[in-house]
Structures are given as C-alpha cells and as structure tokens.
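Start with the sequence and the structure below.

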Amino acid sequence: MKPKNVAVIGAGYVGLVTGACLAELGHRVVCVDSDKKKVQTLRKGGVPIYEPGLPELVAVHRKARRLTFTGRIEDALRTADVVFIAVNTPPSPDGGADLSYVEAVARRVGQLLHRYTVIVEKSTVPVNTGDRVRQTLLLHGKKNVPFDVVSNPEFLREGTAVSDFMKPDRVVIGVESARAEAVMRELYAPLKAPLLVTDIKSAELIKHASNSFLALKISYANALATLCDRVGADVQLVTKGMGLDPRIGPSFLRAGLGYGGSCFPKDVAAFIHMADGVGLDFKILKAVREINDAARAWAVDALKKSLWTLRDKTIAVWGLAFKPDTDDLRNAPALDIIARIQAEGGRVNAYDPVAMTKARALLKDVRFCRNPYDAARGVDAVVLATEWKEFRDADLARLKALVRTPVFVDGRNALSPAALSAAGFHVHAVGRSGR
Ligand code: NAD
C-alpha cells in the first residue's frame with residue numbers, strides 16, 4: 001500500500017479517532033481544528049477527550065510525525081490526497097441537522113483545492129448533502145481542478161471507538177467515480193474489513209437508517225418495560241428471551257432511561273425532518289422519540305412514588321455520562337434527571353468516574369462527590385443513571401449504612417433487584433416491578 005496524505009477537518013470524537021487510526025494504518029495525517037485550545041492540547045501531547053486506547057495511539061504517531069495537528073486548514077490541504085470532513089452536525093431548532101460547519105469547511109476546501117483530491121463526508125449528514133458539498137466546492141473552487149466527493153459514514157461508538165475503527169463490521173463507501181473508489185479502497189486496504197461500495201445517497205441513508213433502527217430497538221424495549229410494569233412481568237427476561245432469536249439479537253434491547261449522547265437524539269430528529277421534507281411522515285420514528293422522552297421522566301416518577309415530594313430531599317445521582325466508558329455529556333439522561341429533581345426543589349449529589357470535570361462546567365448547584373459512597377451519605381434516594389462497572393460492583397451493605405432513606409432507583413437495570421431488596425432498599429427498576 002502506498003501511504004496517503006490525509007487531512008482530517010474537525011478533531012473531535014470522530015475526527016481524532018479517524019486521524020489516529022489512519023496513522024496507525026500507515027498514512028500521514030494532519031488533523032485540523034478551529035478550536036485553538038484543542039489544537040494546543042494535542043500539539044503538547046494531550047488528548048482532550050476520554051477514549052480508551054486513544055492517548056497511546058496518538059502518542060506513538062505524534063512522535064513518529066505521522067500524525068500532526070494544526071489550526072490552519074491550508075497547512076493540511078497543501079499535500080492532501082484525501083480530506084475527511086469530520087466536523088459537528090448539531091441539531092437545528094427545526095429538528096434538521098445544522099450543516100453550517102460542513103458548508104464552512106467545504107467552502108474553504110474549495111478555495112484551497114489545487115490538484116485532484118477526494119473529499120470525504122465523515123460527519124453524519126442527511127441524504128443529498130453530497131450534492132451540496134459538490135456544489136459548494138464548485139462554487140468556491142478554481143475551474144478545472146478535479147475532485148470527487150465520497151460519503152464514508154462512521155459507525156464507531158464512544159468508549160470503544162479505537163477498536164470499532166480498527167475492526168469494523170463494515171466500511172461503507174458511497175462513490176460516484178472509479179477513481180475515488182480506488183483511492184478509498186487503498187486507504188482502507190490494511191483494515192481487511194468488509195467493504196460495501198454504494199452510491200453517495202445510499203451511503204448517507206445507511207448511517208441515519210442504522211442509528212434510527214438502533215434507537216428503535218431501545219425504545220421498543222422501553223415500551224415493553226412499561227407493559228411489563230403494568231402486568232407484573234420482568235422486561236429483562238422478556239428481552240433475553242427475544243434476543244436469543246438470532247433474527248432479533250440481544251443488543252440494544254435493554255430497557256432503561258433511554259438513549260442519549262450526541263448521535264441518536266439528533267440523528268433520529270434529522271431523519272424524521274428529512275423524511276418530512278420529501279413528504280414521508282415517519283410515524284414509527286416519532287413514536288421512538290416519544291418513548292425515549294418518557295423513559296427519562298420515569299426516574300423522577302419513581303423517586304416520587306417512594307418519597308412523595310422532592311422538596312428539600314437530597315438525591316445521589318450515580319453516573320453523568322450518557323453511557324459508560326465515555327466522558328461525553330451531550331444529551332445525557334442524567335442531566336435531564338438532575339434538572340427535573342432541581343425543578344421540584346430537590347438537591348443533588350453527583351458522581352461519575354470520568355465525566356466530573358466536564359460536568360462541573362455544565363451543572364449548577366450540584367455537590368460533586370469523590371466516589372459513589374461519598375455521594376450517598378445522608379441522601380433520601382440513589383438514582384443510578386449510567387451503568388458504570390463501579391456501580392454494578394457496589395457494596396450494598398456499605399451503601400445502606402450511609403443513606404438516610406433506603407430508596408434505590410436503578411435507571412439502567414444494572415443491579416439485581418433481589419440483592420438490593422435483601423440489603424434493605426425499596427427498589428425501582430425499569431420494567432421489573434414483578435421482581
Ligand atoms: P465533536 O464536536 O466532538 O467534534 C467536531 C470538531 O469539529 C470540534 O472539535 C470542532 O471544534 C471542529 N470544527 C467545527 N468546525 C470546524 C471548522 N470549520 N474547521 C475545523 N474544525 C472545526 O463531534 P463528533 O462527536 O466528533 O462528531 C462529528 C460528526 O461525526 C458528527 O456529524 C456526528 O454526528 C458524527 N458521528 C459521531 C459519532 C460519535 O460517537 N461521537 C459517531 C459517528 C458519527
């Protein structure tokens with residue numbers, strides 16, 4: 001394989017992992033970010049996000065000069081054969097994706113193009129964005145400089161991002177020219193991963209369709225949880241029984257506080273919005289979203305079932321990140337639950353194994369604690385909001401001795417209701433009232 005010169009624009013969760021992993025595959029990578037502080041940190045050898053395995057990878061390739069960082073896109077474009085656009089695509093107030101960051105990058109790339117380059121959409125974007133990127137490159141670029149636009153959606157999960165990138169289930173490449181396909185095949189050849197080559201629009205749809213389907217599975221489990229509560233069954237057993245069928249599979253069938261993070265909520269919203277735009281009322285996804293909103297309200301309802309009112313009560317919230325093994329707080333159910341407790345006049349003690357620094361910058365009037373037991377001292381209830389291993393392994397007798405009132409709301413069905421009851425807790429678990 002001939003190593004390629006790669007520019008990755010946007011050095012966030014996706015861009016930085018993509019850059020570091022492409023360097024690991026032997027390519028020369030320049031990561032560009034408009035956030036000066038982020039670039040400074042990276043240049044000094046720091047990694048601004050928590051992602052297992054990433055600091056080691058960045059350190060090795062930074063040292064070998066295969067991975068460099070800059071705030072100036074022109075530095076990266078000078079030599080690039082391939083440019084990845086990996087900037088954020090946050091939700092717009094109308095529910096669609098805000099593509100202004102992608103547009104800004106496409107405009108600048110257009111101005112700087114000087115020889116054949118492959119421009120890759122890595123950010124999650126709605127269908128037809130490839131056309132808009134091409135149009136923008138043509139509008140701002142010099143005449144007669146050839147280029148190709150490619151859609152290469154990213155499926156990595158925060159917390160396992162490096163191994164997801166290095167050992168993917170599939171690499172999807174949406175292309176419109178054999179030349180671009182050859183470049184992308186060469187780029188990914190060392191991965192030896194299953195490659196699906198499609199047209200650009202289909203590749204764009206694959207990403208939104210996949211995330212929306214996973215969100216649908218989670219909401220399906222949560223709808224079942226409500227049913228189980230009403231009839232006295234156990235949703236964990238129901239989903240276990242379903243998941244044993246290989247046509248269904250066990251993953252993403254866990255009832256709990258629902259999905260959060262930077263992807264599922266915005267991608268479901270953007271997919272609904274895009275479908276609306278072409279005259280399709282995507283009712284099934286609207287229901288997915290409604291069920292997810294209700295799942296978040298469940299924790300506070302459960303607290304009130306035991307405590308009646310929350311005014312002047314103190315609640316320990318275990319876990320702040322939207323899922324374990326990440327420090328990402330974007331759209332985390334825990335933040336919603338904390339806001340609801342505070343709105344009802346309650347106080348919050350919070351603890352998360354890695355997201356505390358980011359949480360301090362976001363949350364007001366919360367007591368941040370050193371560990372789960374410190375958070376539980378003298379509280380009226382404990383809410384488990386993120387299923388970190390540390391919480392699953394909690395010493396329940398020690399916990400019981402610390403709390404003022406033994407109420408445990410297990411928002412992730414992470415602990416055994418029987419063990420919690422045996423330790424003396426009043427237990428609320430999602431869809432397990434029969435236990
Ligand atoms: P992020 O916010 O962590 O990173 C985006 C980065 O782009 C930021 O560092 C920002 O400063 C930078 N940026 C914005 N405008 C720029 C510009 N004009 N020039 C240079 N840098 C610029 O976002 P993320 O989580 O990495 O997500 C990026 C995209 O990937 C989104 O579309 C997201 O939906 C998608 N995605 C995310 C994940 C995930 O798990 N986070 C997984 C798959 C796909």
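## A buried threonine

A residue counts as buried when its relative accessible area is under 20%. Thr 386 has 0% relative accessibility, so it falls in that class. The model is a predicted one.

Thr 386 sits in the loop that links β12 to α16 (389–392). A polar atom of its side chain is 3.5 Å from the backbone nitrogen of Leu 320. Beyond residues up to four places away in sequence, Thr 386 touches Trp 318, Gly 319, Leu 320, Ala 321, Phe 322, Lys 323, Pro 324, Phe 391 and Arg 412.

## The six-stranded sheet

Six strands make up an open sheet with parallel pairing. Their order is β11-β10-β9-β12-β13-β14. Which strands form the edges? They are β11 (366–368) and β14 (426–429), and each of these pairs on one side only. On average, neighbouring strands are turned by 20° against each other, direction ignored.

Two pairings can be followed in detail. Strands β9 and β10 run parallel and are joined by five bridges. There, Val 317 stands opposite Ala 350 of β10. Strand β10 covers residues 347–351. Four of its five residues are buried, so the strand is largely enclosed by the rest of the structure. Towards β14, strand β13 (residues 407–410) pairs in the parallel sense over four bridges. Val 407 has His 426 in β14 as its bridge partner.

Helix α12 spans residues 283–307. It lies across β9 (314–318), β12 (381–384), β13 and β14. Its direction is at about 160° to β13.

Helix α11 covers residues 264–277, 14 residues in total. From first C-alpha to last it reaches 20 Å, close to the 20 Å expected at 1.5 Å a residue. Is α11 enclosed or open? Eleven of its 14 residues are buried, so α11 is largely enclosed by the rest of the structure. The buried set is Phe 264, Pro 265, Lys 266, Asp 267, Val 268, Ala 269, Ala 270, Phe 271, Ile 272, Met 274 and Ala 275. These residues pack against α9 (200–231) and α12. Just after α11, Gly 279 takes a positive phi of about 80°.

## The ligand site

How many residues surround the ligand? There are 25. The closest are Asp 33, Lys 38, Thr 89, Glu 158 and Lys 266. Lys 266 is also one of the buried residues of α11.

A polar side-chain atom of Lys 266 is 2.5 Å from an oxygen atom of the ligand. For Lys 38, a polar side-chain atom lies 2.6 Å from a ligand oxygen atom. Ser 34 takes part through its backbone: a polar atom there is 3.2 Å from a nitrogen atom of the ligand.

## Two asparagines with positive phi

Asn 128 is not a glycine, yet its phi is positive, at about 85°. It lies in the loop between β5 (117–121) and α6 (129–140). Its relative accessible area is 35%, so Asn 128 is partly exposed.

Asn 413 also has a positive phi, near 45°. Its loop runs between β13 and α18 (417–422). Buried or exposed? Asn 413 is buried, with a relative accessible area of 3%.

## Around Pro 153

Pro 153 belongs to the loop between β6 (147–151) and α7 (161–166). Its relative accessible area is 6%, so Pro 153 is buried. Neighbours within four places in sequence aside, Pro 153 contacts Glu 121, Lys 122, Val 172, Ala 203 and Lys 207. Among these, Glu 121 falls at the end of the range of β5 (117–121).

Asp 325 is 172 residues from Pro 153 along the chain. Their C-alpha atoms are 22 Å apart.

How values were computed:
Residues numbered from 1 in each chain as written. Predicted model: local features only at pLDDT ≥ 70, side-chain atom pairs only at ≥ 80, totals over all residues. Heavy atoms only, no water. Pairing = 2+ DSSP bridges. Axes fitted to C-alpha atoms, helices over the stretch in contact; angles between N-to-C directions. Contact = heavy atoms within 4.5 Å. Expected span 1.5 Å × (residues − 1). Buried < 20%, exposed > 50% of the residue type's maximum accessible area, 1.4 Å probe, protein only. Polar contact = N/O pair within 3.5 Å; in protein donor to acceptor, adjacent residues only side chain to side chain. Near = heavy atom within 4 Å.
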